[in-house]
Amino acid sequence: MNADAVVLDIDGVLVDVADSYRRAIVESVDYVYDRTIRKDDIQQFKDAGGFNNDWELTYAAALYILATGEGYDESIDAFTDAIAENGGGLEAAEAVVRDRIGARATQRVKERWDRERLRDVFQQLYLGAELYRGLEGGEPDIETEGFIHDEPVLLEADARDRLLERYDVGVLTGRPEAEAEIALERVGLEDEVPLEHRFTMDDWEEGKPHPRALTTLAERFDAERIVFVGDTLDDVRTANNAAEADPGREYHGIGVLTGGLTGEEGRRKYEAENAAAVLESINELPSLLAE
């Protein structure tokens, strides 16, 4: 597989976020509402599409929990399937709830649906008190060390160096810029990937799987063949959407099995979305590109 540029997602690709972002989703809902979803349920939302932003996934999980108290009796599987059928994302989740329980019950749910508090708790749990003060500019009411410190590095130094030697390397992530910088520093890419070769949550409104960020990076690299590596179906969809939007270039979406999609089931889901390749980890990428 020939490539001029390699664009990398962060979560589940460069660092393992099972005990950080995903834990924060589950525990934020539990902290605010004393009930929550299972960590395994998070992947159902990711597969439904439109939940690259983990704050919005947290809101959707809380919406489900609140709706079950107002008569919504479908399983998480059925809920997320319906979200996918409605186009994915938070607006689709709201539509599913409204269609199922009606306008009055939905209004009662929304009166208790405190997205601002959910986001604030999420940030406190994820960042910890010290980073929260610095990045959020407020005083936390939860004293924690922060789940951000529980993110094992997935990208090995040898694989990183081989990629940097042979390709232009960019980053496309749903993280806020400050949190992206922390992860990139941890994996040794902060100084290697300049700001103009990064897209974070702060740089675009559309989010994955919209292709704009990826096609813009391709333009900035002046690349003809671009590989985008991610850990969700929306990452592969982003590359496929970029190929449609920018037919003068080649885009290849590659999935890794180090995020929420794992094993043979994860491989089948990627292949169903026409992934160009599926890798056990990012560390296999240099060899794949060299073939």
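# Close-up views of a predicted model

**View 1. The second largest pocket and its lining.** The lining of the second largest pocket is made up of two nonpolar, four polar and five charged residues. This structure is a predicted model. The second largest pocket has a volume of about 200 Å³. Its lining residues are Asp16, Val17, Ala18, Arg22, Lys39, Asp40, Gln43, Asp231, Thr258, Gly259 and Gly260. Domain 1 (5–16 + 152–289) and domain 2 (18–147) each supply at least three residues to this lining.

**View 2. The largest pocket, lying between two domains.** The space in the largest pocket comes to about 290 Å³. Its lining consists of 18 residues, and Asn53, Glu205, Glu206, Gly207 and Lys208 are the ones that lie nearest the centre of the pocket. Sorted by class, the lining of the largest pocket has nine polar, five charged and four nonpolar residues. Why is the largest pocket said to lie between domain 1 and domain 2? Both domain 1 (5–16 + 152–289) and domain 2 (18–147) give residues to its lining, so the largest pocket lies between them.

View 3. Arg117 and Asp120 form a salt bridge, with 3.3 Å between the closest N and O atoms. Arg117 has a relative accessible area of 25% and is partly exposed.

**View 4. Arg267 and its two salt-bridge partners, Glu264 and Glu280.** Glu264 pairs with Arg267 in a salt bridge whose closest N and O atoms are 3.8 Å apart. Helix α12 (residues 263–272) holds both Glu264 and Arg267, three residues apart, about one turn of the helix. Glu264 is exposed, at 52% relative accessibility. Arg267 also forms a salt bridge with Glu280, at 3.0 Å from N to O. Arg267 lies in helix α12 and Glu280 in the loop between β6 (277–279) and α13 (285–290), so this pair ties together parts that are 13 residues apart in sequence. Glu280 is partly exposed, with a relative accessible area of 44%.

**View 5. A salt-bridge network.** Across the whole structure, a search finds 29 salt bridges.

**View 6. Ala92, a buried residue in helix α5.** Ala92 is part of helix α5 (residues 90–101). The relative accessibility of Ala92 is 5%; it counts as buried because this value is under 20%. Leaving aside residues up to four places away in sequence, Ala92 touches Ile83 and Asn86. From C-alpha to C-alpha, Ala92 and Gly174 are 19 Å apart in space, and they are 82 residues apart in sequence.

Terms used:
Residues are numbered from 1 along each chain as its sequence is written. This is a predicted model: local features need pLDDT of at least 70, side-chain atom pairs count only at pLDDT 80 or more; totals for chains, interfaces and linings use all residues. Side-chain values use heavy atoms; hydrogens and water are left out. A salt bridge is a side-chain nitrogen of Lys or Arg within 4 Å of a carboxyl oxygen of Asp or Glu. Buried means under 20% relative accessible area, exposed over 50%, partly exposed in between (1.4 Å probe, protein chains only). Helices (H or I, at least four residues) and strands (E, at least two) are DSSP runs, numbered from the N terminus. Contact means heavy atoms within 4.5 Å. On a 1 Å grid over the protein atoms alone, a cavity is a set of points where a 1.4 Å probe fits but cannot get out, and a pocket is an open set with protein on both sides within 12 Å along at least five of seven lines; lining residues have an atom within 4 Å of a point. Grid points are joined across faces, edges and corners, and a volume is the space filled by probe spheres set on the points. Ala, Val, Leu, Ile, Met, Phe, Trp, Tyr, Cys and Pro count as nonpolar, Asp, Glu, Lys and Arg as charged, and the others, Gly among them, as polar. Domain bounds come from an automatic or database domain assignment.
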